[in-house]
Amino acid sequence: MDRKQNLTALLFTGPFIVAYLVIFIYPTIQLVHLSFTDAPLIGPGAWIGFKNYIRLWNDGQMWKSTFNTFYFVLLTVIPTTIIGLALALMVNRLSGWFQSIILACFFLPYILPVSVVILIWQWVLDTQFGIAQPIISYFTGKPVAVFRDRYWAMPMVAFITIWWTNGFNLLLFIAGLRNISQDYYDAAALDGAGRFKQFVYITLPLIWPVTALVLTIQLILQLKIFDQVYLLTQGGPANATYVMVQYIYKQAFQLNKGGYAATVSLALFALIVVLSVLQYQVLRSRGQK
Amino acid sequence: MIRRLNIAGGLISVFTVLCAVVWAFPLYWAAVTTLKPEDEVVQSGFGLIPRIWTIAGYAFVLLNTNIARWYMNSIITSVSVTVLVLILSASCGYAISQLRFTGRTVLWLAILASFMVPTQTLIVTHFVLMNDFGLINTLAGVVLPQLIVPVTIIVYKQFFDSIPKDYREVALIDGAKEYQIFWHVFIRMNWGITTALAIITFIGAWNNFMWPFIAVTQQAKMNVTVGITQVDDAFGLAYARNLSGAVLAALPVALAYLIFQRRVTQAIMLSAGIKG
């Protein structure tokens, strides 16, 4: 009987296990192995021990792209969480078809492919004809080629990213808000608590688990940024938007340095794991207070 | 007091609508641009409605680029990814949920662990692997690395767990085969979840940029999301054309969302770990 169960189970799990071993386990082991060699992208290389890791530590562009990745995380993670919560509070007040339409307005960008998103914004922000340039000119006095300006480029990519992906946070927050029982608000209103007090003492603490979830998902997501930056600025101007995944891409596919690209990949992986564990701990302890 | 609240509430509602209009405006602006002639596009001003209506941008993209080909590639790869991911995940989730077998816990932990590894860090070795298989610049090479989606297995397992054990045991006593129980009982009872996961997997595969961009360098094998960035390179400043390509590339996922809005929402919540 047990053997029969095992056989049946193997039939059900076999295809996945094969795929898992070939597409996930093998490439992961291969990545670690590659990081200790000087191999080109395709073909064998010699074992060079920790040389790639030492080089990584002293690599200026690596630090630059790490710094830029953190800058991007700073510009996106907390703002998008706050905006998501604010919009959710606004949308949650509405009801019926009206709510559906308003929600769709905020959510629609999220399901678009990244290349469509960047084509839209390249047009909206076009230096000569862009419809957003009058707004920029209002503050700066003249149109700005935002993706070619080292101070504007990264905040603009972050802005577009928030516009693009905020629908996801909005959905999670709306679900969270709906889970808060109306009874709390009724009881608080009976005790004479105003809207603001209700928000601070009921909504905020009870929405905290969702907030923590959104922050964690966003942190991991934004550390992996590549598509938007690559399509909008190629990392420029003057490396002002060069990020870690793009550095992997450059080492592997432009400079043909498979070994070193693997080392950079592992560094990014380690960073993501460490930061998400760290954030999880911090957010959890805050939630318990 | 109540009157004051209503005025405040009304103002917030107006503000909400304003925000929604501003948020969605770039979408409208891009869409309306595709219906203008190229010289009207670059005229200054706020042409909310085209003075001259035209579909020249679409005609140009359809006739002068490989977009029909890219579209086919996108459909083939996205549908393949969707079907394969669902089959692999559902059957694996079923085994973990319903069968007791050697290595079950190890398999489950391995799936949870793979959740942690971002696919972006595997692009180098995925490329090497696909090259070893001779699959660079092929549609199969685009599909294969997208097949491991741990979250789909996790969702399936949760839903299969919530079906009472009696269902399977009664069916076994009646002489049903395991695959029959899997298909006729467990999948049928979770058909809603299956559609939701299928739609979200399809949207994800269609929108995937990085891997198709790396795995394919020949124009003829590109996905539409990668291909339209090539149109941009080729024509420079021709926004009606570029955006026509963009609208076409976005059409399937936008329609999928508008038609299956509730399912898409449900699938997103489930993937984030919130049971909706």
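This is a predicted model: local features need pLDDT of at least 70, side-chain atom pairs count only at pLDDT 80 or more; totals for chains, interfaces and linings use all residues.
Figure 1. The phi angle of Asn239(A) is near 60 degrees, which is a positive value in a residue other than glycine. Asn239(A) has 17 other C-beta atoms within 10 Å and is therefore partly exposed. Pro237(A) belongs to the loop between helix H10 (227-232) and helix H11 (244-254) of chain A, and the peptide bond that leads from Gly236(A) to Pro237(A) is cis, with omega near -10 degrees. As background to both features, most residues other than glycine have a negative phi, and most peptide bonds are trans.

**Figure 2. Asn137(B) in a loop of chain B.** Between helix H6 (123-132) and helix H7 (139-143) of chain B runs the loop that holds Asn137(B). Phi of Asn137(B) is near 65 degrees, again a positive value in a residue other than glycine. Because 16 C-beta neighbours lie inside 10 Å, Asn137(B) counts as partly exposed.

**Figure 3. Helix H1 of chain A and its bend.** Helix H1 (residues 2-34) of chain A spans only 41 Å between its end C-alpha atoms, whereas a straight helix of 33 residues would span 48 Å at 1.5 Å a residue. At Thr13(A), H1(A) bends by about 50 degrees, and a proline, Pro15(A), follows within four residues. Thr13(A) is among the buried residues of H1(A), as are Ala9(A), Phe12(A) and Phe16(A). Further along the helix, the buried residues include Tyr20(A), Ile23(A), Phe24(A), Pro27(A), Leu31(A) and Leu34(A).

**Figure 4. The side of chain A that touches chain B.** Contacts between the two chains involve 64 residues of chain A and 68 residues of chain B. On the side of chain A that touches chain B, H1(A) gives the most, with 18 residues. By residue class, this side of chain A divides into 52 nonpolar, 9 polar and 3 charged residues.

**Figure 5. Helix H5 of chain A.** In helix H5 (residues 114-124) of chain A, 10 of the 11 residues are buried, so the helix is largely enclosed by the rest of the structure. The buried residues of H5(A) are Val114(A), Ser115(A), Val116(A), Val117(A), Ile118(A), Leu119(A), Ile120(A), Trp121(A), Gln122(A) and Trp123(A).

**Figure 6. Helices H8 and H11 of chain B.** The axes of helix H8 (residues 150-161) and helix H11 (residues 191-207) of chain B come within 11 Å, and they cross at roughly 170 degrees. Because of that angle, H8(B) is roughly antiparallel to H11(B).

**Figure 7. Val210(A) and its surroundings.** Val210(A) is part of helix H9 (residues 195-223) of chain A. With 23 other C-beta atoms within 10 Å, Val210(A) is buried. Apart from its neighbours within four places in sequence, Val210(A) is in contact with Leu172(A), Phe173(A) and Gly176(A). The C-alpha atoms of Val210(A) and Pro15(A), which are 195 residues apart along the chain, are separated by 35 Å.

Note on methods
Residues are numbered from 1 along each chain as its sequence is written. Chains are lettered from A and ligands numbered from 1 in the order in which they are written. Helices (H or I, at least four residues) and strands (E, at least two) are DSSP runs, numbered from the N terminus. The expected span of a helix is 1.5 Å times one less than its number of residues. The bend at a residue is the angle between axes fitted to the seven residues ending there and the seven starting there. A residue is buried if 20 or more other C-beta atoms lie within 10 Å of its own, exposed if 12 or fewer, and partly exposed in between; C-beta atoms are placed from the backbone. Axes are lines fitted to C-alpha atoms, for helices over the stretch in contact, and angles run from 0 to 180 degrees between N-to-C directions. Angles under 35 degrees count as roughly parallel, over 145 as roughly antiparallel, 65 to 115 as roughly perpendicular and the rest as oblique. Two residues are in contact if their C-beta atoms, placed from the backbone, lie within 7 Å. Ala, Val, Leu, Ile, Met, Phe, Trp, Tyr, Cys and Pro count as nonpolar, Asp, Glu, Lys and Arg as charged, and the others, Gly among them, as polar.
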